[in-house]
Amino acid sequence: MPYRAPVQDIRFLMDTIAGFGAVADTDRFADATSDTVEAILTEAAKMCENVLAPLQRPGDLHPAVLENGVVRTSPGFADGYKAIAEGGWIGISAAPDFGGMGLPMTLTTAVNDMMSSACLSLQLNPLMSQGQIEALEHHASDEIKYLYLPKLISGEWCGTMNLTEPQAGSDVGALRSKAEPNGDGSYAISGQKIYISWGDNDFTENVCHLVLARLPDSVPGTKGISLFMVPKFIPDADGDLGERNDLRVVSLEHKMGLHGSPTAVMEYSGAKGWLVGPENGGMAAMFTMMNNARLGVGVQGLGVAEGALQHAIAYANERKQGKAPGTGAIIEHADVRRMLATMKAEVFAARAIALMNAVAIDMTTATDDPKWKARAAFLTPICKAFGTDTGIDVASMGVQVHGGMGFIEETGAAQYSRDVRVTAIYEGTNGIQAMDLVARKLMDGGDAAFALLEEIQDITDATKKKFPNLAEAVWQAIENLRETTEWLVAQDDLTDRFAGAVPYLRAFARVLGGHAHLQAAVAGDASRERLARFYINRLLPEHASLLAHTRTGSADLMAITPDDFAA
């Protein structure tokens, strides 16, 4: 079925829920006028609908392969990537000094949303480059910036990040890759990295790897890690490519989904690399890239959810089965209607959170206000985890709407479910996101959380005259969340926080979703009001059980012994 980019929903959320107007009013982003936003979204939508969406199934059916050391990508991916690069979509938010548009991250987020729906396997490539661009802008030397950024922004070259090693998954501090000084300002990088998304391809001139490695005599753990730029081909001072570096793709992973995206095992054998940031400062630089990617991955989840939703709606409108009123299609059945409404309401909530996060990032960039910085940091793990959980849940529900045909690959419904599953794992598992939320993000005593809750509670108060029952339900949910946040802040034992971290994050997302739907009912048409009533009446109440789970602590959980699992 054809994909239709949800430009109207994105624009509605930007203007009425996420607060993009404040971004456009800043001096930094004064060029992000209404006409510019409309043009960006419209043109990106055309590319996603006409160029990328037709690559979705071929990428799944004809995966990337490794032949004689060369990665061969899926049919049509080279042309799809060319359209992305030539359209300027990689560098929407990149610095104009190096060829970027310098536009808000909110617009990059909206475009990535559409590209993820159209063809997630291909979209993952520019997402990695965007993260690398931001890391280099913040941490690289001027020499590296001027050499690499113009090529990455134009799409002539693409970027990756290399963290994970066979013995070191989420525990990055356990990595063993080494960096030996060459005496000329460069370093010899040696080691193996796994799970490297788009570790190589056959359509860009160069692949630029950001690699974490240890200098000689560095301290153990994350404090002894440095970051290096290690290109596939070594460029000269003018950016012209010279000799091939001593690195290679050892193999490509055979994966559950994302078949069109080559996930590589990379081997570095004394490859030449250049330091990015200070010695032993690799984690700070890499976290810049990872935080960019965490917003991006949350958007990948909701983008896939949008694709799965459209797929399911089309099938439900066509499939005739049982005694259904009206059209006679299965969309007339109450349970199918329930699934579709849930899918649509969840996509709306996840998209609202992602755009709120992006706006906070843009306001941080434009104002350097620590309050906006704290909000962006607080929303990032929520966006990543809820966006990807939504992708998984909605894609799974989409298979269910198709019934038996959903389990048949030819319909394409199962691909959404297979492709999106990894998003809850990479760039920090969703459990790690939740632990970060209840630990690091509450180190301020909960100030960022309470400021956000107070703001949306005040907005909710203003809606009570028009929608008293809906507003009261959202207001009470905010209050419940505030009380649980106070409880978490009071817990000195992190295990008590961690035991309820995942339900707390989901409850926070639930409440933010209720806030977004309520504001949509106020600002939108009857259709948005009906969807808001569905979400607030049927999905928002989940927050209560989630918060009860959060406040239970860890005693009963940790009392279960390892032997109990074997019983």
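Asn280 is located in the loop between strand S11 (263-276) and helix H8 (282-318); helices (H or I, at least four residues) and strands (E, at least two) are DSSP runs, numbered from the N terminus. Asn280 has a positive phi of about 65° although it is not a glycine. With a relative accessible area of 34%, Asn280 is partly exposed; buried means under 20% relative accessible area, exposed over 50%, and partly exposed in between (1.4 Å probe, protein chains only).

The model is predicted: local features need pLDDT of at least 70, side-chain atom pairs count only at pLDDT 80 or more, and totals for chains, interfaces and linings use all residues. Residues are numbered from 1 along each chain as its sequence is written, and side-chain values use heavy atoms, with hydrogens and water left out.

Leu258, in the loop between strand S10 (247-252) and S11, also has a positive phi, near 50°. Leu258 is buried at 4% relative accessibility.

The structure holds eight aromatic pairs. Rings of Phe, Tyr and Trp (its six-membered ring) pair if their centres lie within 6.5 Å; planes under 30 degrees apart count as stacked, over 60 as edge-to-face and the rest as tilted. Tyr81 and Phe203 are stacked, 4.8 Å centre to centre with 25° between the planes. Tyr81 lies in helix H5 (residues 77-86) and Phe203 in the loop between strands S5 (187-197) and S6 (206-213), so the pair ties together parts 122 residues apart in sequence.

A charge sits over a ring if NZ of Lys or CZ of Arg is within 6 Å of the ring centre and within 35 degrees of the ring normal.

| Charged residue | Ring | Distance from ring centre |
|---|---|---|
| Arg375 | Trp372 | 5.8 Å |
| Arg528 | Phe12 | 3.9 Å |
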